[in-house]
Amino acid sequence: MVELRHVKVLQQGRTILSDINFEVDRGEFVYLLGPMGAGKSTLLRLVLFEERPDDGVVFVGDYDSGSIREKDIPFLRRRVGTVFQDFRLLSDRTVYENVAFALEVIGISGKKVKQRTLSLLSAMDLIHKRDAFPEHLSGGEQQCVALARALANDPFVLLADEPTANLDRDTADLVMKILGDANARGTAIIMATHDKSLVERFRRRTLKIEGGRVVQPK
Amino acid sequence: MSVVATTAALLLLGFFIQIVAGGYDLSASVKDRVEVEVYLHDGLSRRAALRIAREIEEMPAVAEARYIDKNAAAREFREMFGNGFLEAVTGNPLPASIRVRLESEGNLTARAREVAKALSGRKEVEGVDAGEAWLEALERFLRIASGAGVLLGSVLCLACGFAVSNVTKLMVLGQREAIHVMRLVGATGWYIRMTFLAGGCLVGCAGGVLAGTILALGAAWWTAWIPEIKPLPTGQTVPLLVLLGGCLGVLGSLSSLNRVLRAVTLR
């Protein structure tokens with residue numbers, strides 16, 4: 001499903017990632033564990049085709065970095081959910097509108113948008129906050145809205161870049177539960193984190209990234 | 001804010017368009033009143049004079065030829081200058097004439113000269129007053145005014161376009177968050193562009209409607225100030241400004257969108 005083969009990334013003459021090799025199969029949950037600056041976020045951007053490798057190939061679903069055309073990338077991203085540590089919600093839209101937005105921009109009809117959005121908010125226990133704006137939500141609630149948006153199109157893989165970094169332990173655990181539920185439904189999860197205690201609490205396959213290299217591939 | 005700035009720019013442009021349109025109307029009406037006076041010898045019969053007037057009307061570039069007899073000439077003189085002079089002289093010294101109005105298209109000075117030359121040789125004609133010096137001055141003034149109008153209009157259009165473009169650029173930049181999320185969730189480049197082009201067009205059209213409405217409401221005030229300039233009808237002004245505003249809004253969005261799309265990444 002997701003494979004990186006001898007991937008190398010350079011930025012301004014500096015090696016960010018070097019000879020990265022790993023695979024993530026359907027339904028897998030994989031941590032990318034490493035300190036800040038290790039290259040975790042760059043790796044996730046490669047999977048989104050936001051960046052192209054300077055060497056090697058990235059395979060995501062039916063696409064690969066060598067042959068994917070610019071105009072195909074949006075269609076790939078519809079099947080890849082993404083969440084960030086800073087949530088990246090639209091501050092001028094309500095909770096409902098933030099989630100519905102992900103469905104509207106890809107041309108889903110109004111009725112289906114409503115059905116799907118309400119279903120997702122209900123699953124996140126946020127239905128009562130659907131008319132609230134992000135500034136009126138807690139960090140955990142905002143991340144749940146971001147997760148609902150990321151899962152709106154039923155992605156085959158969800159990329160999570162430090163999703164629990166700004167959250168307290170209990171809220172982080174809630175987010176991990178949501179990710180676990182999505183994974184149980186068949187969505188592969190690739191989660192970048194530097195939080196070793198979280199990885200200990202929620203044990204999954206782990207790839208340690210240090211200095212742009214995978215130290216302990218499993 | 002975007003609509004207010006666009007309205008202000010289009011209001012200025014709309015006002016200028018009104019002035020230019022009115023100016024063209026004014027110059028056309030002035031040209032319509034250009035006349036060549038053909039003075040007839042005393043003693044020429046009314047019948048002969050009317051015949052000459054008909055012949056003159058057949059000439060190219062002549063719109064109308066009207067016979068003014070000595071009595072009508074005296075009446076006009078009194079209306080302009082009062083009774084004093086004519087009362088002081090014996091009889092009516094004013095000659096009968098044929099007043100020739102020229103077609104307003106083309107070079108009026110040249111046409112007046114042609115008419116004067118054609119008629120000066122006739123035995124019935126005592127003299128021809130074509131007012132060439134005045135006509136030359138008028139045409140020179142109209143050429144300069146027209147050229148200045150085109151130049152100023154072009155500069156104003158560019159300035160207006162620049163203002164609207166900057167407004168739409170700021171609007172697009174202000175939506176970087178939304179563009180970022182659009183790209184994240186898989187919106188195509190075409191969809192993102194269309195969203196903002198539509199937005200730019202809407203802002204431009206809204207500005208056009210407001211500017212046109214303000215101009216229409218203000219017409220009564222500024223026509224009292226400059227009565228010679230008649231405003232364009234609201235039915236023409238508003239659609240023109242809406243169209244102009246819409247086009248400028250789209251062009252403004254286009255000019256900034258590619259740059260912003262390149263700058264907005266998913267980092």
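Two residues count as in contact if their C-beta atoms, placed from the backbone, lie within 7 Å. A few notes on the structure, with that in mind.

1. Ground rules. This is a predicted model, where local features need pLDDT of at least 70, side-chain atom pairs count only at pLDDT 80 or more, and totals for chains, interfaces and linings use all residues. Residues are numbered from 1 along each chain as its sequence is written, while chains are lettered from A and ligands numbered from 1 in the order in which they are written.

2. Helix α4 of chain A. Helices (H or I, at least four residues) and strands (E, at least two) are DSSP runs, numbered from the N terminus. α4(A) covers residues 110–123, and its 14 residues reach 20 Å from first C-alpha to last, close to the 20 Å expected at 1.5 Å a residue (the expected span is 1.5 Å times one less than the number of residues). After α4(A) comes D125(A), with a positive phi near 55 degrees.

3. Which residues of α4(A) are buried? They are V113(A), R116(A), T117(A), L120(A) and L121(A). Here buried means 20 or more other C-beta atoms within 10 Å of the residue's own, exposed means 12 or fewer, and partly exposed is in between, with C-beta atoms placed from the backbone. Seen down the axis of α4(A), the buried residues fall within an arc of 130 degrees, so they line one face of the helix; the arc is that of the directions from the helix axis to the C-beta atoms. What covers them includes α3 (95–104) and α5 (139–151) of chain A. On the other side of α4(A), K111(A) and K112(A) are exposed.

4. The chain B sheet. Four strands make an open antiparallel sheet in the order β2-β3-β1-β4, where pairing takes at least two DSSP bridges between two strands. The edge strands, each pairing on one side only, are β2 (62–68) and β4 (125–129) of chain B. Five bridges join β1 (residues 35–40) to β3 (residues 97–102) in chain B, and V36(B) stands opposite V100(B) in β3(B).

5. C205(B). This residue sits in helix α8 (residues 189–225) of chain B. C205(B) is buried, with 23 other C-beta atoms within 10 Å. Leaving out residues up to four places away in sequence, C205(B) touches V242(B), G245(B) and G246(B). The C-alpha atoms of C205(B) and L243(B) are 6.8 Å apart, though the two are 38 residues apart along the chain.
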